[in-house]
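Please examine the fold shown here. The briefing that follows treats helix packing, sheets and aromatic pairs in turn.

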Amino acid sequence: MTLSRRTLLAAPAVVAATGGAAEAAPARGGGRGLRTGFERLAAGGYALLEGQRVGVVTNPTGVTRDVRHIVDVMHADDRVGLTAVFGPEHGFRGTAQAGGSEGRYDDPATGLPVYDTYLKSGQPLADVFTASGVDTVVFDIQDVGARFYTYIWTLYDCMAAARLAGKRFVVLDRPNPVTGRAALGPVLHREFATFVGREPIAQAHGMTVAELARLFNGEFLTAPVELSTVPMTGWRRSEFYDAWGLPWVPPSPNMPTPDTALVYSGTCLFEGTNLSEGRGTTRPFELLGAEGIHGAWAAAANELELPGVRLREAYFAPSFSKFQGKTVGGVQLHVHDRAAFDPVRTGIGLLVTAKRVWSGFAWRPDQWIDRLTGSTRVRTMIDAGADTDEVVGAWQEELAAFRRVRGRYLLYR
């Protein structure tokens, strides 16, 4: 994309990245000094979108700091030609549960056509973009920092489809709620690629969506899309969500709080077991358990002295999902030092100890754990009796290689 002098002068706040390359705006301060990609785009009069028919890939997290949805804001502004919305898993307005979407409909609030992207990729998704008639696809969704959270693969699939359809692609950046300090955990092996992991990135990637878009464009897409990113200002990689001064909107029904996001990249691994991962409770992914588990699990997990977290013996009755309506025993995670907490090590430690103390422990029959961890290694090592340090140590070489690649695409200090 070539920016005219007029466009650049009209939008001094916007930093655009094309073809996977960009310059970072300096990140200073935090909290209320933070400006999201959308805030910077709007402050520049939407100059980056001038003269374009625009479609937005978003969900309920695409809000301003006064909790107005960006689709509603853009639709009411004559400076931007918003003509379509694209909804991911759970839908644009967020009416669908996990594994669901809203389908094709006209949005009652704006009258805009809403197209369903969930489980679409490649040419079928490109056909959706073509049918919508847009020139530019804009992405603005809050991520939570885990490889298996599907919105980053919606980003990936939409980038690939936009290239096939000959559309521009713009990513409006938002913070990683669990910081961008480091990548953690095993790296996906491509033979295990699914919608919970398309490409070889770490389980906790430690990147923002704009950084991921640059990584995808530079490393993984078969040919790059015409990519622009609008970075934030005022964000530092070490900051957790509550430093931003931004509202938290649950990105999905089972991600109700920033505390959920903090543990998710580790405890989501329990989706690959016969234990409850806390769905159907008010603390999903913080509560874990099953029938027949008592205090021995919490005691064994605390003996590992996992950094930054304590495990409490807990009992709960899920209102849906595994063990619906039954009282089960297990643990609740209480993170007392976020800076020291390692969610992936914690998840592994909890798997290791659950298998040791509970005779009923089993992996899901479809070996979903391999899709979540990115290979057979975690499952087979735990089955063979490996301890937490051995399992974590087994992925360090591939993680170091990913960190080197990741470093080329980071935008913030």
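**Helix packing and sheet architecture**

Helices α4 and α5 are roughly perpendicular to each other, where angles under 35 degrees count as roughly parallel, over 145 as roughly antiparallel, 65 to 115 as roughly perpendicular and the rest as oblique. The model is predicted, so local features need pLDDT of at least 70 and side-chain atom pairs count only at pLDDT 80 or more, while totals for chains, interfaces and linings use all residues. Residues are numbered from 1 along each chain as its sequence is written, and side-chain values use heavy atoms, with hydrogens and water left out. Helices (H or I, at least four residues) and strands (E, at least two) are DSSP runs numbered from the N terminus.

**Contact of α4 with α5**

- Helix α4 (residues 122-132) packs on helix α5 (residues 151-165) at an angle of about 65°, and the axes are 8 Å apart; axes are lines fitted to C-alpha atoms, for helices over the stretch in contact, and angles run from 0 to 180 degrees between N-to-C directions.
- The crossing of α4 past α5 is right-handed; a crossing is left-handed if the near helix is turned anticlockwise from the far one by less than a right angle, and right-handed if clockwise.
- On the α4 side, G122, Q123, L125, A126, F129 and T130 take part, and they meet D157, C158, A161, A162, L164 and A165 of α5; contact means heavy atoms within 4.5 Å.
- Eight nonpolar, three polar and one charged residue make up the contact of α4 with α5; Ala, Val, Leu, Ile, Met, Phe, Trp, Tyr, Cys and Pro count as nonpolar, Asp, Glu, Lys and Arg as charged, and the others, Gly among them, as polar.

**Contact of α5 with α6**

- Helices α5 and α6 pack at an angle of about 45°, with 10 Å between their axes.
- This angle makes α5 oblique to α6, and α5 passes α6 in a right-handed crossing.
- From α5, I152, W153, L155, Y156 and M159 contribute to the contact, and from α6, V209, L212, A213, F216, N217 and F220.
- The contact of α5 with α6 has 10 nonpolar residues, one polar residue and no charged residues.

**Contact of α7 with α9**

- Helix α7 (residues 258-267) and helix α9 (residues 343-357) have axes 7 Å apart and pack at an angle of about 55°.
- The two helices α7 and α9 are therefore oblique to each other, and α7 crosses α9 in the right-handed sense.
- In α7, the residues L262, V263, S265, G266 and T267 meet P343, V344, G347 and L350 of α9.
- By class, five nonpolar and four polar residues form the contact of α7 with α9, with no charged residues.

**The seven-strand sheet**

- Seven strands form an open sheet with mixed pairing, in the order β3-β4-β2-β1-β5-β6-β9; two strands pair if DSSP finds at least two bridges between them.
- At the edges stand β3 (105-106) and β9, each of which pairs on one side only.
- Strand β2 (residues 81-87) runs parallel to strand β4 (residues 113-116), and three bridges join them.
- V85 stands opposite V114 in β4.
- Helix α4 lies across β2, β4 and β5 (136-140) and runs at about 155° to β2.
- Helix α6 (residues 209-220) also packs on the sheet, where α6 touches β5, β6 (168-172) and β9 and makes about 160° with the direction of β9.

**The three-strand sheet**

- An open sheet of three strands has the order β10-β12-β11, with antiparallel pairing.
- Strands β10 (287-290) and β11 (309-316) are at the edges with a single partner strand each, so one side of each has no neighbour in the sheet.
- On average, neighbouring strands of this sheet are turned by 25° against each other, direction ignored.
- Four bridges pair β10 with strand β12 (residues 328-335) in the antiparallel sense, and A290 has G329 in β12 as its bridge partner.
- Helix α8 (residues 295-303) packs on this sheet, touching β10, β11 and β12, and its direction makes about 170° with that of β11.

**Aromatic pairs**

- The count comes to 17 aromatic pairs; rings of Phe, Tyr and Trp (its six-membered ring) pair if their centres lie within 6.5 Å, and planes under 30 degrees apart count as stacked, over 60 as edge-to-face and the rest as tilted.
- The ring centres of W235 and Y412 are 5.3 Å apart and the planes stand at 90°, so this pair is edge-to-face.
- W235 lies in the loop between β9 (226-230) and α7, and Y412 lies in the segment after α13 (396-407), so that the pair links distant parts of the chain, 177 residues apart.
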